[in-house]
Amino acid sequence: MAARWSLLLGTLTALSLSSCWRNDFAGDQRYAPPDRPRVGPAPRAWIPGDQAKTAPGATPPKGIQNSDNTKSVTPPEPVREQPVDGEDLHTFALPGPVAINVRIAPPRSRLLAERAVVRIDLRAGFTNGLPGLAELVALAVSETADGAAGRPALNAVIQRLGGRLNIEVGAQWTTITAAVPAVSWEEALRAMVERIHQQPLSHAWLASLQDRLIKHKLSEWRIRPALSEADRWVRYGAGSREAIVHAIEDRNLPEVVLFQRRYYRPRNAAVGLWVPGAPKDATFLLERAKAAMIPWRQEPEAPMVGADRKYVPPEGVLWLEGEGEPRVALIVPCSPQTPPSLILGECYSMDGIGGRLGELAAIELGFEPVFQVHELGNFNERFTVYECDLPAARVVKFWETAQAAWRSLGDRPPTGQELRAGLDRARLQLLQRQDHAESWFQATSLRLLRLEPGGPSHDLTALDKLTTPDIAATARQWAKAPLALVVVGGSMPADAPPTFRRGSAAIPSYSRAPQSETEGTEDKAKRYLDLAVKALGEPRLFRGIGGYVAVESLRDEDGLTVQMRTTFRFPDKLERTTEVLGSSISTKVDGTTGRESAGQELRTLTAGEAVNLLHEASRNPVVLIAGYAQGTLRFRYVGQRSRYGRRVALLELIDDTHPRLRMTIDVQSGLPRSVETSSHRPGVGPVQERDYYDDYRRMRGIRVPMHRVSSIDTEPLGIEATFRSFEILPR
Amino acid sequence: MIRRRPEVWARWLATPVVVLTAGGVDAQESKFFRTHDGSSFLLVKVDSRVVHWINLQPARIADQPEGLPGLAVAVGRASLSGGATERAGEGPPLRWEKALRRAPSTGAEFVEAHGYLGVAVTFPNGSIPLVAELLRVRTQRAELAGIEPFATEAIRARRERLLRTPHLGMLRRLLGSIKGGEAFLPGLTSATDKVTQARALELYRNTYSTNRALNVITGGFDIQATEEVLRRIYSVASRAAEPQSESTPVAPRVRAPEPAAPPDRSDTLLLACPLPTQRDPVTLATIDLLVEYLAGDADGFLPDRLRAAGHPRVEVAIRAPFPEPGGYLVVEVTDPGSKLDSSSKLVTALAGALDDVAKGPADAIRLSRAATAARAARTQFLHDPRGLAVLLAHQWARSGSVPSGDLAIEARVTPVAFQALASEVLATATRTLILPELR
């Protein structure tokens, strides 16, 4: 019976969570651990999926038992790779972190400072979680101090050690690199690991980080409009600048904490160490590194919930119209960085001057542009950006020229002269990489994590082995990749091709509204709340609401159906009957106490569970609007957003005692469209919940939504509730 | 946030001098020599398979016509573009740059350093003769093609950079107050004088003579063989080096009205103290240490003292040297939301804090941390041979002397030397206070 009870509770909780979570919670064996590329022999199995297969009654695996019983973790022994690269590169495959790469650079000159490079590559980027989270978490890791514990921010720690910290967020990757005096590498690694898995973030500090990040972006858009727009497109995809500001502004603490728990974890990481002057035996460094990382490797892992967004590389032309002559930024894919692709890159444009692009431009445009060249993105979503000023009348021609030059690489393989120049410069690039720990880590992490099979390479001999057919084959493949062009400034010609998209170069307005300044924003919110009251009924009807009785049928994407009858009396009395899988569960909550019964089984709810149920029942839009009409709830206006294909006003409940709750109201119809809030799920931690409402029907003079679709975090909308009846109870 | 304010019109001014980790550059690893045409070379051998060459030419503000403050940058960029006869179409000619890239090399990266402009190039060992020839040709042009667009762009960029400078109005008043007369920030004028080939060539010939060039080359080459190659290529001054006194300014011209600065912030004050004019490495390192001690990122003395004195949100930034090497140490103090005037407690607290530093002795722990931070700033780029080349070039440009001999500068900055400099720089009598003017 106990097992059955557990399954029922698990299923109920899972109704609002994703399939991954459900499977994990219910012991379903479909759970698949993320790909964990290995180098050499496979590490000893310890993944949760294998633990789930442990026979009942078997001795549980050794290790740390998590408080929420999600899974236990046993750090395994490392598997050592054979050293390569002149016995100076040593790779140790560990299940968590994925791998530690150790390099003991030979002394090159006593004139060069002995600086160690400690790098942690995390598989977490813009395509994971909600937009803005990857950057905010990275900023928080760098800048958050813990005053109570006397711990300075990571950036300050590295500076005090005499080093510098660099954090780079890409589409799928975040790299955290500290270059410190060689003697301080261990301290730097310990500090990095500590901040990566633990952060004393507060609401106020997060708000200040959001403010900094948004202001930084606004400043970049002003100072380097074309390049920053290209960067935005590469990272965030085709959206507006305004949407980026809103995305960052709309993130909250539970989302940030959860993102960090999910993605900043050992199994998502590769650690690289370059420690000049260390003992020749690399295991010395490995043991010290392992000791520094113990707390992180023992950290309980948050289940992966929600699907990551597919990365869509930029394609086509985006013209942001504005004052002055246009500045263009041509975005050319440059990964994977294999030896043939390095040569082809040189053939296309010799680092911004000449090449096929320069030659064709000289013919088609009558002059040869000189580009400023930048590289955007990281790992296998890298792009070269060629930036220059160009008269508006020539932009269309330039775009055609750039594409023709790009396609010509496939149609007409590089000539002998082009190959010779390309080969020489590609060789120079590889030679330069030998001196830089950064590019070396990039290469080894990619190889270890199998993002770019075969590259990028430091192997100079690979260039000598290339044949013309090899390069021609790569060229044909390469030339199929799409290009993109950002144009900032000037006006798009009326006869521009239909593939040209028009936008505005205007910088989005942004003014941070401090939490305490609610007066103006509260008045603004009233405008939309009154609109909602009018759309749903009359003020007097809402003033008379004292609760509701709802009968609903919940159905998840796998077809599991649950019937629920909920009687909710404002503010803290709830009775619910749930029928699922042939069983019936009764729940009763009164304030912070509650109990649940299923057949003969009786269970007392914790205060947190009771409050969660009340919180869930009270976030129906009818309840929220009634609270406003009765003067018990206050909202502040956040801004307007485009959501669900509509323009909506985003309002936030003014309430410091509960997690943030936001409601959107359609600015045209006045109908509440969604309610977003966060809650704490046992075993998961904080999750972001979003309910979308529609199918409004009139019940005793008040229009109530009879259909709701719910989502958790980034999970696509999948849990559907259809109300069979919704009866208003008088006060 | 506490920060050290970088100078906006000379990006590299705030970059500290290089400190090599141990000892100096010795004969096995480096060599300084002059070729027959007057060019100065510092070769440093390191374990690398590529060569990094920094070539600098003087470009001080005093070298440039007053009405065309961006002309040196324009001349520098035009010098990379080849002669007018190579011009094709309307864009700048690119034959020289293409030849450099095909050497092969990374191409010329434009650099600015302490009143010098130049290029940084990276290439394999085998390309030394070709790159050397191309860099020599760059200083021997008969004309400078496409100078006008370069000048327009350089002046525009300079003005934009300056107009983004925080507290611009107060900085102008500070200079006016110190130097007397009209407050004027070099470079912040409209381009009143037309850029002509003749004026560009005049500046080019004055500053691009080989005997005024600094060359730092690092890489895995054979020093003796490389020296022979360079002596051969730089053997004849094809254009007679025109010995110019470094202090000879171009004749001043009529200035255009300066654009209006944004209104002062009511919560910010500036305080300037004159820096010593010596440019020896130890003095420069001591100045860096003082800046770090006063307002370092993590443990600045001034923000700590001012916060303890009842200004919990105060921010302190320091510009040094301002506006040029040998200028002033400028402390910017912001107490967000306040309205500052001469009777403000913050003014008194700041004066008291500076008096204490001037009087000494310095807090030993804080001084040690400041030394660590200063050392870290100096060595932060020294993990690769290119960083070494850049920093040696900067040290050369900043101090005016070849970076050789004992380069372990920190070891020579004793607490006594620090205190002596702090007492000299922060002496009460030499301070200039600028308060916000509220409109």
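Ile167(A) stands opposite Ile176(A) in strand 8 of chain A. This is a predicted model, in which local features need pLDDT of at least 70, side-chain atom pairs count only at pLDDT 80 or more, and totals for chains, interfaces and linings use all residues. Residues are numbered from 1 along each chain as its sequence is written, while chains are lettered from A and ligands numbered from 1 in the order in which they are written.

**Strand 8 of chain A and its partners**

- Strand 8 of chain A covers residues 174-181; strands (E, at least two residues) and helices (H or I, at least four) are DSSP runs, numbered from the N terminus.
- Strand 7 (residues 164-169) of chain A runs antiparallel to strand 8 of chain A, with six bridges between them; two strands pair if DSSP finds at least two bridges between them.
- Four residues lie between strand 7 and strand 8 of chain A, which form a hairpin.
- Strand 6 (residues 115-122) of chain A is also antiparallel to strand 8 of chain A and is joined to it by eight bridges.
- Val117(A) has Ala179(A) as its bridge partner in strand 8 of chain A.
- Eight of the eight residues of strand 8 of chain A are buried (20 or more other C-beta atoms within 10 Å of the residue's own, with C-beta atoms placed from the backbone).

**Domains of chain A**

- Chain A is divided into domain 1 (2-73), domain 2 (79-297), domain 3 (316-443 + 450-504) and domain 4 (519-571 + 618-730); the bounds come from an automatic or database domain assignment.
- Domain 2 of chain A gives 21 residues to its contact with domain 3 of chain A, which gives 23; residues are in contact if their C-beta atoms, placed from the backbone, lie within 7 Å.
- On the domain 2 side, helix 8 of chain A supplies the largest share, eight residues.

**Domains of chain B**

- Chain B has domain 1 (27-233) and domain 2 (268-434).
- In chain B, 28 residues of domain 1 are in contact with 25 residues of domain 2.
- Helix 5 of chain B gives the most to the domain 1 side, with six residues.

**Nonpolar cores**

- The largest nonpolar core has 114 residues; such a core is a set of buried Ala, Val, Leu, Ile, Met, Phe, Trp, Tyr and Cys residues joined through C-beta atoms within 7 Å.
- Strand 10 (residues 316-333) of chain A contributes the largest share of this core, nine residues.
- Another core, of 62 residues, lies apart from it and includes Val180(A) and Trp296(A).

Notes. Contact = placed C-beta atoms within 7 Å. Buried ≥ 20, exposed ≤ 12 C-beta atoms within 10 Å, placed from the backbone.
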